[in-house]
Every structure is written in C-alpha cells, then in structure tokens.
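User: I have a new structure to go through. Can you walk me through it?
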Amino acid sequence: MGRGRQKAKATKQARDMKYFSPATDLSALERELAGSSGSSHDDDQYIDHADKYADYVEQVEEDDDHRHRG
C-alpha cells in the first residue's frame, strides 16, 4: 500500500475514533461514581498488586546499586 493510501486510511481511522460516541450506561456510571459495595474488593486487589510491584522495584534498584558499585 502506498504512503498516500496508508495516510488516508490512518486519517479515516482517527476521524472515526474521534467522532465515535458509544451508548453510555448512565446507571452504571452513577453506581461507579457513588461507590458500590464491590469496590473495596477491587481496591484490595489493587493494593496487593501495588505491594508486589513495589517489592519488585526495590529488588531491581538494589541489584542496580550492587552492579554499579562492584
């Protein structure tokens, strides 16, 4: 596909995405903003993942420190 056709296709896709307006479930949005009872479970999962990631980052930083000093 030539550059002109490729650019036209990308432009068309960008325009389609810009003006696409899916149907919004306002009741679901209201529940999410109000804070449903299930959100604490999601928060717990997030905290668990954040803790694991923090441990990983600390380990990588320690390994980097040892490599640079050695």
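User: How far apart are Asp-16 and Lys-12 in helix α1?
Analyst: Asp-16 and Lys-12 are 4 residues apart in helix α1, so about one helical turn separates them. Helices here are DSSP runs of H or I with at least four residues, strands are runs of E with at least two, and both are numbered from the N terminus.

User: What do Asp-16 and Lys-12 form?
Analyst: A salt bridge, with the closest N and O atoms 3.2 Å apart. The term means a side-chain nitrogen of Lys or Arg within 4 Å of a carboxyl oxygen of Asp or Glu.

User: How many salt bridges does that rule give?
Analyst: The count is 1.

User: Is Asp-16 buried or partly exposed?
Analyst: Asp-16 is partly exposed, at a relative accessible area of 42%. Lys-12 is partly exposed too, at 49%. Buried means under 20% relative accessible area, exposed means over 50%, and partly exposed lies in between (1.4 Å probe, protein chains only).

User: Back up a bit. What kind of model is this?
Analyst: It is a predicted model: local features need pLDDT of at least 70, side-chain atom pairs count only at pLDDT 80 or more, and totals for chains, interfaces and linings use all residues. Residues are numbered from 1 along each chain as its sequence is written, and side-chain values use heavy atoms, with hydrogens and water left out.

User: What is the mean pLDDT of the chain?
Analyst: The mean is 81, and 86% of the residues reach 70 or more. pLDDT is the predictor's confidence in each residue, from 0 to 100.

User: Where is confidence lowest, and where is it highest?
Analyst: It is lowest in α3, at a mean of 78. It is highest in helix α1 (residues 3-19), at 91.

User: How many helices and strands are there?
Analyst: The chain has 3 helices and 0 strands. From the N terminus on, the order is α-α-α.

User: How much of the chain counts as buried?
Analyst: Of its 70 residues, 0% count as buried.

User: What comes just after α2?
Analyst: Gly-35, which takes a positive phi of about 90°.

User: Which residues make the nonpolar surface patch?
Analyst: Leu-26, Leu-29 and Leu-33 make it, over about 340 Å². Patch residues have over 30% relative accessible area and no salt bridge; like charges are joined within 9 Å, and nonpolar side chains (Val, Leu, Ile, Met, Phe, Trp, Tyr) within 5 Å. Leu-29 sits in helix α2. Leu-29 is partly exposed, at 39%.

User: And where is Asp-51?
Analyst: Asp-51 is in helix α3 (residues 39-69). A negative surface patch includes Asp-51, with Asp-48 and Asp-55 also among its residues.

How values were computed. Accessible areas come from the Shrake-Rupley method with a 1.4 Å probe; for residues, only the protein chains shown count as cover. Lys and Arg count as positive and Asp and Glu as negative; His and the chain ends are not counted. The place of a charge is taken as NZ of Lys, CZ of Arg, CG of Asp or CD of Glu.
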